[in-house]
Amino acid sequence: MNNGEKGVVPFERPAAYWAKKARKAYTPSRMPDAALMMRKALEKSGDSRVALELASIYRSMHCISAAERYLMKAAADCGITPELCYETGLCALERQE
């Protein structure tokens, strides 16, 4: 199973696993880790709600262009929702528009 190598055998985790870990890491000191884990969850699921959460994480890190990119993905997937409008407004406020 591990081809004679010592260590742990890697296996795939579901999107819910990565999203849960990202939510736990959603602290000011671990924001980059939370973004990476949430991005992994988005890759696995493709869910627009996960894209909105990822946009929120990037917005809190002041990475507005990355946040807007994931907001566009969420809008393409599920259309305009109240949550999407709220996050878009927050991004506009961050850009002082």
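Buried means under 20% relative accessible area, exposed means over 50%, and partly exposed lies in between (1.4 Å probe, protein chains only). Keep those words ready for Thr27, which counts as partly exposed because its relative accessibility is 30%.

**Before you start**

This is a predicted model: local features need pLDDT of at least 70, side-chain atom pairs count only at pLDDT 80 or more, and totals for chains, interfaces and linings use all residues. Residues are numbered from 1 along each chain as its sequence is written, and side-chain values use heavy atoms, with hydrogens and water left out.

**Stop 1: the whole chain**

Show the chain as a cartoon. How many helices and strands are there in the chain? There are five helices and zero strands. Helices (H or I, at least four residues) and strands (E, at least two) are DSSP runs, numbered from the N terminus. Along the sequence, the pattern reads α-α-α-α-α. The chain has 97 residues, and 32% of them count as buried.

**Stop 2: Thr27**

Select Thr27. This residue sits in the loop between α1 and α2 (31-45). Thr27 and Ile57 are 30 residues apart in sequence, yet their C-alpha atoms are 9.9 Å apart in space.

**Stop 3: a charged patch**

Select Arg13, Lys20, Lys21 and Lys24. These residues gather in a surface patch of positive charge. Patches are made of residues with over 30% relative accessible area and no salt bridge; like charges are joined within 9 Å, and nonpolar side chains (Val, Leu, Ile, Met, Phe, Trp, Tyr) within 5 Å. Lys and Arg count as positive and Asp and Glu as negative, while His and the chain ends are not counted.

Lys24 lies in helix α1 (residues 15-24). Is Lys24 buried or exposed? Lys24 counts as exposed, because its relative accessibility is 63%. Lys20 is also found in helix α1. With a relative accessible area of 52%, Lys20 is exposed.

**Stop 4: salt bridges**

Side chains of opposite charge can pair when their charged atoms come close. A salt bridge is a side-chain nitrogen of Lys or Arg within 4 Å of a carboxyl oxygen of Asp or Glu. How many salt bridges does a search of the whole structure find? The search finds seven. Visit three of them, starting with Glu87 and Arg59.

Select Glu87 and Arg59. Their closest N and O atoms are 3.0 Å apart in a salt bridge. Glu87 lies in helix α5 and Arg59 in helix α3 (residues 48-60), so the pair ties together parts that are 28 residues apart in sequence. Both Glu87 and Arg59 are buried. For Glu87, the relative accessible area is 9%. Helix α5 covers residues 82-94.

Next, select Arg95 and Glu68. They form a salt bridge with 3.0 Å between the closest N and O atoms. Arg95 lies in the segment after α5 and Glu68 in helix α4 (residues 64-78), so this pair ties together parts that are 27 residues apart in sequence. Arg95 is partly exposed at 38% relative accessibility. Glu68 is partly exposed at 28%.

Then select Lys73 and Asp77. Here too is a salt bridge, with the closest N and O atoms 3.0 Å apart. Why are Lys73 and Asp77 separated by about one helical turn? Because they are four residues apart in helix α4. Lys73 is partly exposed, with a relative accessible area of 30%. Asp77 is partly exposed too, with 44%.

**Stop 5: His62 and Ile64**

Select His62. You are in the loop between α3 and α4. Phi of His62 is near 65°, a positive value in a residue other than glycine. His62 counts as exposed, at 58% relative accessibility.

Move on to Ile64, in helix α4. Ile64 is buried, with a relative accessible area of 10%. Ile64 and Leu90 are 26 residues apart along the chain, and their C-alpha atoms are separated by 9.6 Å.

Note on methods
Areas by Shrake-Rupley, 256 points an atom, 1.4 Å probe, with all protein chains shown as cover. Charge placed at Lys NZ, Arg CZ, Asp CG, Glu CD.
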